[in-house]
Amino acid sequence: YLIELNEQEQINYYNAIGLIYKRINDYTKAIQYFHKATEVAHRFKRNEWVGILTGNIGDVYAAQKMFDSARKHWQMDLDTCIKYKVWGNVVSTSNYWADSYKQENKPIEALKYYKKSLQYLDSLPTKEYDNRFTTYK
């Protein structure tokens with residue numbers, strides 16, 4: 001039988017599937033599911049999620065070493081998440097951005113984004129920080 005999902009559950013569902021496909025390196029399917037989640041986010045005017053999902057697409061590009069494309073997506077993610085005060089995502093996206101420069105052996109640029117990440121880390125509620133640390137370690 002079909003279960004009715006609310007708007008956030010729909011976004012979470014498609015996002016989770018996209019993350020799984022990214023994890024197993026099926027980048028085409030990952031992007032397809034992130035786009036499905038983005039369509040739902042647009043439909044329900046969940047603009048903060050449009051930014052987060054755009055960042056997830058950037059992560060897919062980064063996994064393929066397509067850093068220019070990744071950074072374009074991450075910039076939209078950062079702009080949106082700063083606007084809506086989604087600090088945890090600002091921290092993680094800044095770290096991805098820094099890591100991309102590190103992979104390109106550009107330490108000065110990497111340091112800039114690591115510092116940005118630290119700047120916003122203080123904005124995270126302790127509970128959210130602890131949860132992210134436990135989840136992603």
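Which residues do ring pairs link into a cluster? They are Trp 74, Tyr 96, Trp 97, Tyr 101 and Tyr 113.

Colleagues, a word on the basis of these values. This is a predicted model, in which local features need pLDDT of at least 70 and side-chain atom pairs count only at pLDDT 80 or more, while totals for chains, interfaces and linings use all residues. Residues are numbered from 1 along each chain as its sequence is written, and side-chain values use heavy atoms, with hydrogens and water left out.

Rings of Phe, Tyr and Trp (its six-membered ring) pair if their centres lie within 6.5 Å; planes under 30 degrees apart count as stacked, over 60 as edge-to-face and the rest as tilted. By this rule there are eight aromatic pairs. In one of them, the ring centres of Trp 87 and Tyr 120 are 5.2 Å apart and the planes stand at 15°, so this pair is stacked. Trp 87 belongs to helix 5 (residues 87-103) and Tyr 120 to helix 6 (residues 107-121), so the pair ties together parts 33 residues apart in sequence; helices here are DSSP runs of H or I with at least four residues, numbered from the N terminus. Both Trp 87 and Tyr 120 are buried, that is, under 20% relative accessible area with a 1.4 Å probe, protein chains only.

I turn now to charges over rings, where NZ of Lys or CZ of Arg is within 6 Å of the ring centre and within 35 degrees of the ring normal. The charged end of Arg 71 sits over the ring of Tyr 101, 3.9 Å from its centre. Likewise, Lys 36 lies over the face of Tyr 33, at 4.8 Å from the ring centre.

Conventions. Helices (H or I, at least four residues) and strands (E, at least two) are DSSP runs, numbered from the N terminus. Buried means under 20% relative accessible area, exposed over 50%, partly exposed in between (1.4 Å probe, protein chains only).
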